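Good morning, and thank you for coming. I would like to walk through one protein model with you, part by part.

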Amino acid sequence: MPRAILVGIQVPSVDDVAHAASIEELGRLVKTLGYEVVGTMSQKRDGIGGGTVLGKGRLEELAAITGGTGVVGSMAIPQKSKARERFEDANEKKPDAPQVEPDPEAPPKPEFVIVDHEISPSQARNLERATGAQVLDRTGVIVEIFHRHAHSREAKL
């Protein structure tokens, strides 16, 4: 069963009760999808703008839970000089540090991060890079539920 962590952003126009009810409803939607909810994370913000929806500290906490790096990083290929390439090629011949084996007793990490708001594709991509988990927003969860329950050709379209 896939594991998911719920992330909610509380904006000033939403009170605590409404925010908690929204997170609870999202949890029921995620369970309908067939995922196990392993935790929730919430943050009060002025808005859901920004590259990652979450602040830096909360993003690092989420990355620690999911096994990510907490760093968004860039997908652009950095330009290197020929001298730098020769220097790095020389370093590659040295033996690497021993790899740390994952603890078999540790609980499995969540594979999904579900955000309780509509987020842009770039925000989802940035969250995926930082957390190492697949990211869905509330709308994506609802669409996936409808997709799984569709039987007719028209419904599947």
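Let me begin with a definition: two residues are said to be in contact when heavy atoms of theirs lie within 4.5 Å. Please keep in mind as well that this is a predicted model.

With that term in hand, take Leu62. Which residues is Leu62 in contact with, leaving aside its neighbours within four places in sequence? They are Ile5, Val7, Met41, Leu54, Val113 and Thr131.

Now the overall plan. The secondary structure comes to six helices and four strands. Along the sequence, these elements follow the pattern β-α-β-α-α-β-α-β-α-α. The protein has 157 residues, and buried residues make up 31% of them. Of the contacts with a separation of 6 or more, 69% are between residues 24 or more positions apart.

Let us turn to strand E1, residues 3-10. Is E1 mostly covered or mostly uncovered? It is mostly covered, since eight of its eight residues are buried. In E1, Arg3, Ile5, Val7 and Ile9 point one way. Ala4, Leu6, Gly8 and Gln10 point the other way, and the residues of both sets are buried.

What are the partners of E1? Strand E2, residues 36-44, runs parallel to E1 and is joined to it by eight bridges. Within this pairing, Ala4 stands opposite Val37 of E2. Val7 has Val115 of E3 as its bridge partner.

Next, helix H2, the helix at residues 56-66. Its buried residues are Leu59, Leu62, Ala63 and Thr66. These residues lie on the same side of H2, because they cover an arc of only 100° around the axis. What do they pack against? The buried residues of H2 pack against E1, E2, E3 and helix H4. After H2 comes Gly67, which has a positive phi, near 90°.

Helix H4, at residues 121-131, can be described in a similar manner. Gln123, Ala124, Asn126, Leu127, Ala130 and Thr131 are its buried residues. Why are they said to be on the same side of H4? The reason is that they cover an arc of only 165° around the axis. Their cover includes H2, strand E3 at 112-115 and strand E4 at 134-137. H4 is followed by Gly132, and the phi of Gly132 is positive, near 75°.

H4 also holds Arg129. Its relative accessibility is 26%, so Arg129 counts as partly exposed. Arg129 and Thr69 are 60 residues apart in sequence, yet their C-alpha atoms are 8.0 Å apart in space.

The largest nonpolar core has 16 residues. Which of them touch the most other members? They are Leu54, Leu62, Val113, Val115, Ile119, Leu127 and Val135. E1, H2, E3 and H4 are the elements that give two or more residues to this core. Apart from it lies another core, of 12 residues, and among them are Ala4, Leu6, Val30 and Phe112.

A pair of aromatic rings is described by the distance of the centres and the angle of the planes. How many aromatic pairs are counted here? The count comes to one. In this pair, the ring centres of Tyr35 and Phe112 are 4.5 Å apart and the planes are at 20°, so the pair is stacked. Tyr35 lies in the loop between H1 and E2, whereas Phe112 lies in E3, so the pair ties together parts that are 77 residues apart in sequence. Both Tyr35 and Phe112 are buried.

Finally, consider helix H5, residues 138-149, where Glu144 is found. Glu144 counts as partly exposed, because its relative accessibility is 26%. Between the C-alpha atoms of Glu144 and Leu33 there are 7.5 Å, although these residues are 111 residues apart along the chain.

Thank you for your attention.

Notes. Residues numbered from 1 in each chain as written. Predicted model: local features only at pLDDT ≥ 70, side-chain atom pairs only at ≥ 80, totals over all residues. Heavy atoms only, no water. Buried < 20%, exposed > 50% of the residue type's maximum accessible area, 1.4 Å probe, protein only. Arc of directions from axis to C-beta. Core = buried A, V, L, I, M, F, W, Y, C linked by side-chain atoms within 4.5 Å. Pairing = 2+ DSSP bridges. Phe/Tyr/Trp six-rings, centres within 6.5 Å; stacked < 30°, edge-to-face > 60°.
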